[in-house]
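Visitor: Could we zoom in on one part of this model and take our time with it?

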Amino acid sequence: MKHFILPLIAVLAAVSCKQGQDRKEAVQAYPEQSADTVVETSEKPEVSELLSLEGIADSTFVRLADYSSDFVFDMKYATEDNFLESKVYDCAECYVRAVTARAVIEANKELMKQGYRIKFFDCYRPLDVQKKMWKIVSNPQYVADPAQGSIHNKGGAVDITLVDMEGNELDMGTGFDYFGKEGHHDYTDLPEVVLSNRKLLKTTMEKYGFKSIRTEWWHYNLVDASNAEVANFRWDCE
Ligand SMILES: [Zn+2]
């Protein structure tokens, strides 16, 4: 009752019966969403109500918090505390493809054994938001050109850091979205503890199928999701 799969047929039915102008407008504004299946939930579940990823197709978009209560979320683009200095998400949610969810949950389990957890800054990002970012920072070193689409638009990329069990962020040398050489993986003029924290995150993520990019210590792409379709659906904010 708290979740349902929204297949293409349901979207078409909602449009054709004209019940709900909002839904109709949303579908027209974001036609790409019809290509994607999304598991939607109306309420945040308690720990005991976590959903299972078993049997869910790899390409389905899922809300990560419905499948694990072991993550910390700090979705920066739902605030003004980001390089755009503007709130580009209506509300803070972390959606990814199910294949990405499975991998990041496994990586987090391993990190928890060592006393750490993954904290998210960004997950799936609608293509329209990518276009907004590209207008502000048209540098492919930091923002993917929306003409090609980012792996974030495909539900296969995550921007993350590590926190301890009390939620304190580990020192990674720079903040999230620090666009300078100190944020690069190949910049090593940093304290030993920073290099070791970055290495722990990188080696663990790589073990579970993610790849880093040279210029952002916080960004990881799931290799298995790199060929997924670019998407543009917006999650519900109720
Ligand atoms: Zn990223």
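Is Glu85 buried or exposed, and how many other C-beta atoms lie within 10 Å?

Guide: Quick housekeeping: this is a predicted model, where local features need pLDDT of at least 70, side-chain atom pairs count only at pLDDT 80 or more, and totals for chains, interfaces and linings use all residues. Residues are numbered from 1 along each chain as its sequence is written.

Glu85 is exposed, with 8 other C-beta atoms within 10 Å (exposed means 12 or fewer, buried means 20 or more, and partly exposed falls in between, with C-beta atoms placed from the backbone). Glu85 sits in the loop between β4 (72-73) and β5 (strands are DSSP runs of E, at least two residues; helices are H or I, at least four; both are numbered from the N terminus). Its backbone is worth a look too: the phi of Glu85 is near 50°, positive in a residue other than glycine. Most residues other than glycine have a negative phi.

Asp177 also has a positive phi, about 60°, and isn't a glycine. Asp177 belongs to the loop between β7 and α5, but it counts as buried, with 21 C-beta neighbours inside 10 Å.

Those flanking elements lead us to the largest nonpolar core, which has 39 residues (buried Ala, Val, Leu, Ile, Met, Phe, Trp, Tyr and Cys joined through C-beta atoms within 7 Å). Val62, Val96, Cys123 and Val158 touch the most other members. Elements giving two or more residues include β5 (95-97), β7 (157-164) and α5 (192-207), while α3 gives the most, with 6.
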